[in-house]
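Hi everyone, thanks for coming. Let me put the sequence and the structure on the screen, and then we'll walk through a few places together.

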Amino acid sequence: MTTSSAFKPMTRWQWAGLAILALTALFSLVAPVVGGDPLVQDLDHVMVKPSAASPLGTDHLGRSMLARLGHAARLSLLLAALSVLTAAIPGVVLGVAAAWRSRWTDTMLSTIADGVLALPGLLLIVLLTAFAPGRFWPFYVGLSLALWVEYFRVVRASAQSLLRGPQVEASRLLGFGPAYIVRRHLLPELFPLLRTLMTFGAATSVLSLAALGLVGVGLRPPTPELGTMMIELLPHYQEAPWLIAEPILILLFAVTGLALVAGEREFR
Amino acid sequence: MTFLDVRDLSVHAGTTAVVRDVSLRLEESQTYTLLGETGSGKSLLAQAIMGNLPAGLRPSGSITVFGESSTADETVKRRRLWGHSMALLPQEPWLALDPTMRVLSQVAETYQRVRRPSESRESARKRATGDFLTLGLEGAERKLPGALSGGMAQRTAFAAVRSGGARLLIVDEPTKGLDAGLRDSIVSMLKQVAANDGAVLTITHDVAAARSLGGTIGVMLDGEIVEQGPAAQVLAEPRHDYTRRLLAADPQTWGPRTQPPPLGPVLAANGLSKRFGHHQLFANLDIEIAADERFAVIGPSGSGKTTLGGMLLGLVPPDSGSVWRRSDVPAWKFQKLYQDPIAAFAPRASLRTSLRDVVSRHNLGWKEVEKWLDRTRLRASLLDRLPDQVSSGELQRIALVRVLLLRPVLLVADEPTSRLDPITQQETIELLAECLVDAGCALVLVTHDPAIAGSLASRVLTLNPPSPPAP
């Protein structure tokens with residue numbers, strides 16, 4: 001028998017999700033370059049149907065939908081990636097610390113986490129946007145602040161049972177230090193959990209940004225953003241249904257891709 | 001009445017047969033015990049009879065249950081009998097209980113949903129409560145399975161299986177890892193099932209359990225029944241060579257070993273006490289262990305043996321008292337072997353990686369590993385596997401190699417062989433004893449089996465069952 005992989009290989013659905021996600025990311029990279037300036041209006045050509053000249057048509061102010069959607073997708077994916085990373089890193093570090101260190105550290109960190117958890121994530125973002133209306137950073141800070149608790153709680157719970165288990169006890173007896181225990185015992189067990197949490201966290205970020213844009217407390221027009229675009233294009237639904245369908249499809253692609261990558265729960 | 005008649009049952013994995021031409025009969029009020037070592041195909045035989053073989057395995061032959069015959073692959077026919085006519089008590093019964101449901105409700109639910117005719121909600125709870133009383137489980141009714149001890153979980157699973165009303169019961173390794181007291185109570189429960197117009201097919205590697213179950217015994221080797229007959233006859237005058245080896249490996253028949261003379265102390269404990277909840281596990285224990293000495297701690301389950309072992313290694317703090325360990329050697333010269341070796345390895349790292357980590361941490365050479373692998377008769381190719389891809393016996397030997405690499409001065413072995421079949425158990429204990437002599441290492445053996453302790457150790461400490469709380 002040859003060395004077998006310790007991790008479950010990706011399923012077909014996960015590959016499909018990854019492909020959808022890659023296409024969305026590619027679109028967000030290419031479309032802004034091809035589509036030109038997303039803010040330039042051309043009132044002679046409003047709500048033009050998709051054609052060779054403007055592949056996704058133009059909106060009610062004659063702006064290129066290709067450019068606007070490209071920028072919006074880029075913004076959403078960037079925010080998702082940034083906030084997931086800034087939430088995951090402290091979440092994991094603090095979770096391991098709480099499981100490892102004294103009871104006092106654990107109580108303190110858990111109390112803070114519970115405090116953050118008591119505040120709904122969206123409310124936290126809305127509160128922060130009050131300081132800087134229409135700016136990007138309140139979303140980033142708000143989402144990261146709301147999301148790190150999940151990582152903290154999941155990592156703390158699994159690390160606690162692992163650290164008390166015989167495999168870690170055996171390694172300590174064999175003379176291994178904390179770095180080895182984290183590398184060999186904790187991280188391999190935490191990776192599958194983190195992958196799921198991170199993909200769902202990214203989907204939450206994308207959806208939150210769009211939801212806040214849709215209800216008008218998010219980024220302000222004319223910034224291209226999926227939620228604000230939807231609410232801008234909603235009045236023109238009768239004449240140009242394809243226009244509002246475009247940001248919705250981008251959102252659907254991004255979220256579906258992320259959900260598929262998360263995969264099914266691993267039963268062992 | 002014939003409850004079960006199996007004819008020429010085989011189980012094929014691809015082109016190889018893992019169970020070959022097994023025929024057996026089980027009449028009303030009888031017990032049949034399949035005896036054999038781990039990996040001999042006993043559990044597969046049980047699954048083939050039930051009709052729940054894992055995917056990829058193909059049965060052939062015929063199986064008649066309560067007079068209704070079916071070919072081995074007509075699993076749907078037998079599946080209809082599950083629960084209320086024939087039932088399987090699986091290995092590791094606590095895995096078969098729902099971890100999120102209180103245990104009394106799990107038993108009552110079976111009375112309500114599985115039994116024919118089914119019981120009303122009230123009478124189901126009443127009967128389940130009655131079962132808990134007769135099985136000595138009173139007080140556990142409202143607990144979740146995670147809060148039960150191994151023996152209690154075993155009895156709860158038994159109650160749940162019984163409440164379905166099945167008269168044909170198939171039991172897979174019911175005494176694995178249990179001490180003699182619990183083993184006897186499980187065996188008497190099974191005998192009662194047979195006495196009340198039932199029939200029990202037991203699968204075990206436990207010779208003592210097979211002896212007290214009586215009835216018919218079939219000895220299985222490499223997927224075949226090599227010897228079959230009344231228990232008394234098979235156990236007293238085994239005809240097949242394998243049966244003789246199996247009986248000879250029973251710890252009760254081992255002779256005492258010659259003991260090396262004691263040297264200076266490696267560990268000394270003074271006035272150790274530990275309470276667990278309201279139970280006093282032990283109080284004021286003084287222990288001194290000499291280098292090269294073999295010391296055993298025995299006692300029934302729940303008596304604090306494992307806790308004491310952990311305390312000697314400094315893993316568990318005592319309530320009072322102190323432990324002195326030789327201070328002129330590093331802390332990692334004190335090592336431990338675990339009851340369940342698979343729990344002591346990083347599950348996603350290959351065994352080679354785990355061993356290489358130890359070698360590089362302590363600047364040893366890989367030659368050392370090869371030497372001990374050789375000594376424990378392990379093939380080096382095993383190391384490319386993950387911990388769950390080798391047998392428990394092999395893994396326990398690899399665990400032994402891992403601790404011996406460090407040339408320990410003291411090894412605490414916590415029930416190192418209680419999950420192994422008798423032959424593997426005997427080999428492992430032999431190896432342990434030989435390797436400890438080679439390594440010049442003292443041993444604290446924690447076990448429930450006085451026979452193993454008596455054979456291996458020069459001194460035995462017996463812990464009493466936990467004392468009830470003072471009134």
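Two residues count as in contact here if their C-beta atoms, placed from the backbone, lie within 7 Å. This is a predicted model, where local features need pLDDT of at least 70, side-chain atom pairs count only at pLDDT 80 or more, and totals for chains, interfaces and linings use all residues. Residues are numbered from 1 along each chain as its sequence is written, while chains are lettered from A and ligands numbered from 1 in the order in which they are written.

So, who takes part in the contact? Chain B brings 21 residues and chain A brings 17 residues. On the chain B side, β15 (334-337) and α11 (351-361) each supply at least two residues, and α11(B) gives the most, with three. Helices (H or I, at least four residues) and strands (E, at least two) are DSSP runs, numbered from the N terminus.

Now the confidence. pLDDT is the predictor's confidence in each residue, from 0 to 100. Chain B has a mean of 85, with 96% of its residues at 70 or more. The model scores ipTM 0.72 and pTM 0.65.

Last stop: helix α9 of chain A, residues 241-262. The buried residues of α9(A) pack against α1 (12-35), α2 (65-100), α7 (178-214) and α8 (226-233) of chain A. After α9(A) comes G263(A), with a positive phi near 75 degrees.
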